[in-house]
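User: I am new to this one. Please show me the structure, and then I will ask about a few places in it.
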Amino acid sequence: MGFYEYNFAFLVVLCAVLTWRRHLRNVEVAAESDSEGDTPSLSQKAEAGKFTKLFLVVYLLVMGADWLQGPYVYALYKDEMGYPEKTVAALFTTGFLSGAVSGYYVGSLADRYGRRTACLIFCVTYSVACFSTLFRSLPLLFLGRVFGGLSTSLMYSAFESWMVTEFHKRDLGRAGASLSTIFGTMTTMNSIVAIVAGVFSEWLVEFTGTKRAPFMASAGCLAVAFWVISTYWSENYGDSADTGDKKLESSPTSALMTVLHDKRIMTIGLASCFFEGSMYLFVFFWTPFMEATRDPVAATVSLPYGMIFACFMGSVMLGSQIFNLLVSSWGLISHARLLTSIFAIASSSLLISVVYRDERLVFWSFCCFEACVGMYFPSIGYLKGRIIEDGIRARVYGMLRIPLNILVVVALSLIKEGPEYRATVFMACSGLLLFASGVLSSILAE
């Protein structure tokens, strides 16, 4: 085995050990609950288990649909369809602009007409985006990217809003379920799905001879998700936790006022923008960045990108396991304080990759950044679940993605060739993450 294979094996073993340790801790907690006489009834446990499984099945189908097509969007437009670099960049930018514009409205519509309905609409619109790749028509491809941006806004607002509101409405905390644990499991399982989807999509392309195949498989996953949602999910609406009145008037303006007047939500929005923006830029730049750090002698052999990606996903899984142990199992640190530390560590990881141009050190620093990603999503998901009210949850979630999309669009429009520019981007991201860590420490980690 080579260097990257050894690292992947190490990550797999470490994740397995931490998973087993978490299982033992859960057994200990259950035994303590039994001795104290506050054990939930079997019916409560069954309801909580059924709810978690139904949500995770849909969530993993949706994320699998996203992971299947992700590695081939650029390659399909550039290599198979033969469009120039500027046209491909315009297609990507269109998707992010669509996400920024729709983010202001889709959350409000989801709150008013139902989060379950919004999730069903997502399955349809994202399928349209997938089927648009069957045509070699530039207008249809741009239309597909518009639907893709709309779908992304729905994906990151409607599904989580439905889950958190339903969790509160059913009072599943009394049944032994935990939002923190659900968010941690989501991140862990998402990492596994990403690895499987990457391998499967590569096989599909080789088997069919076209890069359109993963998009069709993605549409298949969305069709299954549509069926599960329409068959088994119940509906919930904005303000349902308080009034149960789905006709209650709601508007994006009211959600905007809520965001502007609550410094905690503003802080979460700032943190999400900086971290997820850095994450998206990392996705764009890590490949050429690692190529630039290689020894000229070793550069005669191409980097094993598939194995490196698997290592990154293993690092995300490791981060989610660390989160589960530190917060859910042992209770050693609060979500807000952990999030503050995550931003500081992620900032240092990007800075190290710029200062030390060594291939192995850069790889390890990138793995550390990905581990921070694994801890970030369950942490920020839990905090949003606690701070943002159920009645306006989807509206606020959608609105918080607007500055993120704008940041990525601006960054993409300024892209230049060369390692110096990529180093400047990572330095800027490191500074933004450090600044966000300070803001989180002063406002949330009180």
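User: Is glycine 306 buried or exposed?
Analyst: In this predicted model, glycine 306 is exposed, with a relative accessible area of 52%. Exposed means over 50% and buried under 20% relative accessible area, with partly exposed in between (1.4 Å probe, protein chains only).

User: Where is glycine 306 placed?
Analyst: Glycine 306 is in helix 12 (residues 305–329). Its C-alpha atom is separated by 8.0 Å from that of glycine 198, 108 residues apart along the chain.

User: What about glutamate 359, buried or exposed?
Analyst: Glutamate 359 is buried, its relative accessible area being 16%. This residue belongs to helix 14 (residues 359–387).

User: Which residues does glutamate 359 touch?
Analyst: Leaving out residues up to four places away in sequence, glutamate 359 touches Tyr4, Met290, Thr293, Arg294 and Leu303. Contact means heavy atoms within 4.5 Å.

User: Changing topic: at what angle do the axes of helix 2 and helix 9 cross?
Analyst: The axes of helix 2 (residues 42–69) and helix 9 (residues 213–232) cross at roughly 165° and come within 8 Å. Helix 2 is therefore roughly antiparallel to helix 9, a term for angles over 145 degrees.

User: Which residues make that contact?
Analyst: Among them are Leu54, Val58 and Leu61 of helix 2, and Phe215, Cys221 and Tyr232 of helix 9.

Technical notes. Residues numbered from 1 in each chain as written. Predicted model: local features only at pLDDT ≥ 70, side-chain atom pairs only at ≥ 80, totals over all residues. Heavy atoms only, no water. Axes fitted to C-alpha atoms, helices over the stretch in contact; angles between N-to-C directions. Helix = DSSP H or I, 4+ residues; strand = E, 2+ residues; numbered from the N terminus. Parallel < 35°, antiparallel > 145°, perpendicular 65-115°, else oblique.
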